[in-house]
Each structure stands twice: as C-alpha cells, then as structure tokens.
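Let's take a friendly walk through this structure. Have the sequence and the 3D view ready as you read.

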Amino acid sequence: MLDEALTVLAAAGGTAVVQAAGTDAWTGLRQAVGRLFGRGEEERAARTEERLDGTAAVLEAAGREDAERVRTRQAVAWQTRFEDLLAGLDGQERTLVVHELRALVHAYAPGRTGGGDVSGNTFHGPTAIQTGDHNRQINHFGPGA
C-alpha cells in the first residue's frame with residue numbers, strides 16, 4: 001500500500017492526463033507518460049501511449065451531459081495505473097519514478113508554460129496542488145480547483 005503522499009502524486013498524474021487530453025500539451029505529456037511507464041522498454045511505452053490515445057478518444061467522444069463523469073472516471077483510472085506502477089517498484093527505482101512523475105505533474109499543471117499550458121481545459125475534478133509546505137500536498141475538489 002502506498003503512503004498518502006504517493007497516492008496524492010498518483011492522483012495528480014491522473015488529473016494531468018485528463019487535463020492535457022485535447023490540448024496542445026497532449027503530445028508532450030503522452031510521450032512523457034509513455035517513457036515513465038516504459039522505463040526503457042519501447043514495447044511497454046508504446047502500449048501506454050495506446051492506452052493514452054484511448055483515453056483521449058473517450059474524452060473527446062463524451063457528450064456535454066457526460067463530460068464531467070467521463071473525465072472523473074478517466075482521471076481515477078490513470079491514478080490507479082500510476083499507483084500500480086509505484087507500488088510495483090521499490091528502492092532507487094521507485095525514487096526515480098517518483099521524481100519523474102512529480103516533474104511531469106509540475107510541467108503539465110494548468111497555467112504552466114513550457115511543458116504545456118492546459119489552462120483552457122474545463123476539467124474541475126480532483127487536482128493536487130503544491131502548498132507552501134513542500135512536503136505536503138492537498139487535494140482540492142470542485143470548480144476552480
């Protein structure tokens with residue numbers, strides 16, 4: 001079982017995936033997540049990118065009335081994938097993946113430039129933000145989160 005900080009990080013990763021889908025940031029995030037899951041194995045990276053493409057397609061196909069529910073479900077699905085990835089690692093490998101996931105979340109956070117600006121996305125599901133205390137993250141839910 002993961003500690004709370006890693007669970008929050010996984011949730012932030014899931015949210016980043018959903019927020020980037022359909023934006024200019026998508027290609028960069030897709031490649032970064034593929035590398036993260038692939039960990040040097042191209043076939044595993046390619047499978048992850050295919051899953052990401054499926055996520056993007058599901059999000060794009062969602063009607064207005066279902067959009068929020070679909071976004072939430074996809075964010076939770078990717079949170080679970082990130083949790084499973086982290087839970088399957090230990091020691092130095094886990095530490096490396098944690099650092100890479102934090103960098104990915106930071107790069108693709110809403111309003112960021114460089115990694116991708118996804119501030120135009122209307123996703124209002126769970127997001128993780130960094131507080132002034134760099135060792136603590138808090139989940140915020142609802143509009144404007």
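On one side of H3, the residues Glu-43, Glu-50, Arg-51 and Ala-61 are exposed, where exposed means over 50% relative accessible area, buried under 20% and partly exposed in between, with a 1.4 Å probe and protein chains only. The model you are looking at is predicted: local features need pLDDT of at least 70, side-chain atom pairs count only at pLDDT 80 or more, and totals for chains, interfaces and linings use all residues. Residues are numbered from 1 along each chain as its sequence is written, and side-chain values use heavy atoms, leaving out hydrogens and water.

Now turn to the other side. The buried residues of H3 are Ala-45, Thr-48, Glu-49, Leu-52, Thr-55, Ala-56 and Leu-59. Seen down the axis of H3, they fall within an arc of 110 degrees, so they line one face of the helix; the arc is that of the directions from the helix axis to the C-beta atoms. An α-helix has 3.6 residues a turn, so residues three or four places apart point the same way.

What do the buried residues of H3 pack against? Their partners are helix H1 (4-20), helix H2 (26-38) and helix H4 (67-87), with contact meaning heavy atoms within 4.5 Å.

Stepping back, the protein has 5 helices and 2 strands, which are DSSP runs numbered from the N terminus (helices H or I, at least four residues; strands E, at least two). Along the sequence they follow the pattern α-α-α-α-α-β-β. Of the 145 residues in the protein, 39% are buried.
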